[in-house]
Amino acid sequence: MENDSRNPNSSTTMDETNPLTSPSRRRSGHRVEWPTIDGPLGLSPEDSLPYARRFFKLGFLCLPFLWAINCFYFWPVLRRPQSDPLLRRYLFGSAIGFLLFTAILLSWAFTFAIGGDHLFGHVWEELVMYNVADRYGLTGWM
């Protein structure tokens, strides 16, 4: 009978390069901490910093939802205070940036949705965009 690595009763050793099955991990009982929500399928701790930095910086280019994706993808780092401090700095910056963006967007939306004509008075007609076709006479050709 040939030894099969998929068979748990096999006498062959597990892959030494795989941190989940390496003998050193099994002996020590140490749990590997992964920086991404993908676990062992995601980025390694060394590769995580450039990605987090890139998402953080691209969020300033009017792409604030990249900040939310950054926080979601690296959620395990945000949960653990003993994680890489530089990586946590980018993630906390992303979280604060996304929260500020969301607060500004919601306050703008609620101001226009609730306030409207009562809040802005006669200036309201200049601020809204749904009457642009009427304003420039573009409705007569239809």
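**View 1. R80 in the loop between helix 4 and helix 5.** R80 is found in the loop that links these two helices. Helices are DSSP runs of H or I with at least four residues, strands are DSSP runs of E with at least two, and both are numbered from the N terminus. The model is predicted: local features need pLDDT of at least 70, side-chain atom pairs count only at pLDDT 80 or more, and totals for chains, interfaces and linings use all residues. Residues are numbered from 1 along each chain as its sequence is written, and side-chain values use heavy atoms, with hydrogens and water left out. R80 has a relative accessible area of 15% and is therefore buried. Buried means under 20% relative accessible area, exposed means over 50%, and partly exposed lies in between (1.4 Å probe, protein chains only). Apart from neighbours within four places in sequence, R80 is in contact with E33, W34 and R88. Contact means heavy atoms within 4.5 Å.

**View 2. The whole protein chain.** The chain holds seven helices and zero strands. From the N terminus on, its elements run α-α-α-α-α-α-α. Of the 142 residues, 25% are buried. Take the contacts between residues at least 6 apart in sequence: 37% of them join residues at least 24 apart.

**View 3. Helix 2 against helix 5.** Helix 2 spans residues 45–58, and helix 5 spans residues 85–120. Their axes come within 9 Å and cross at roughly 25 degrees. Axes are lines fitted to C-alpha atoms, for helices over the stretch in contact, and angles run from 0 to 180 degrees between N-to-C directions. Helix 2 and helix 5 are therefore roughly parallel. Angles under 35 degrees count as roughly parallel, over 145 as roughly antiparallel, 65 to 115 as roughly perpendicular, and the rest as oblique. Helix 2 passes helix 5 in a left-handed crossing. Left-handed means that the near helix is turned anticlockwise from the far one by less than a right angle; clockwise makes the crossing right-handed. From helix 2 come S48, L49, A52, R53 and F56; they meet L86, L87, Y90, L91, G93 and S94 in helix 5. Seven residues of this contact are nonpolar, three polar and one charged. Ala, Val, Leu, Ile, Met, Phe, Trp, Tyr, Cys and Pro count as nonpolar, Asp, Glu, Lys and Arg as charged, and the others, Gly among them, as polar.

**View 4. Helix 2 against helix 3.** The two axes come within 7 Å and cross at roughly 155 degrees. Helix 2 and helix 3 are therefore roughly antiparallel. Their crossing is left-handed. A52, F55, F56 and L58 in helix 2 meet L66, W67, I69 and N70 in helix 3. The residues of this contact comprise seven nonpolar, one polar and no charged.

**View 5. Helix 3 against helix 5.** Here the axes come within 8 Å, and the crossing angle is roughly 135 degrees. Helix 3 and helix 5 are therefore oblique to each other. Helix 3 passes helix 5 in a left-handed crossing. F65, W67, A68, N70 and C71 in helix 3 meet a set in helix 5: Y90, L91, S94, A95, G97, F98 and F101.

View 6. An α-helix has 3.6 residues a turn, so residues three or four places apart point the same way.

**View 7. I37 in the loop between helix 1 and helix 2.** Helix 1 covers 23–28, and I37 lies in the loop between helix 1 and helix 2. At 39% relative accessibility, I37 counts as partly exposed. The C-alpha atoms of I37 and F74 are separated by 6.2 Å, although the two are 37 residues apart along the chain. Leaving aside neighbours within four places in sequence, I37 is in contact with F72, Y73, W75 and P76.

**View 8. C62 in the loop between helix 2 and helix 3.** Phi of C62 is near 60 degrees, a positive value in a residue other than glycine. C62 counts as exposed, at 73% relative accessibility.
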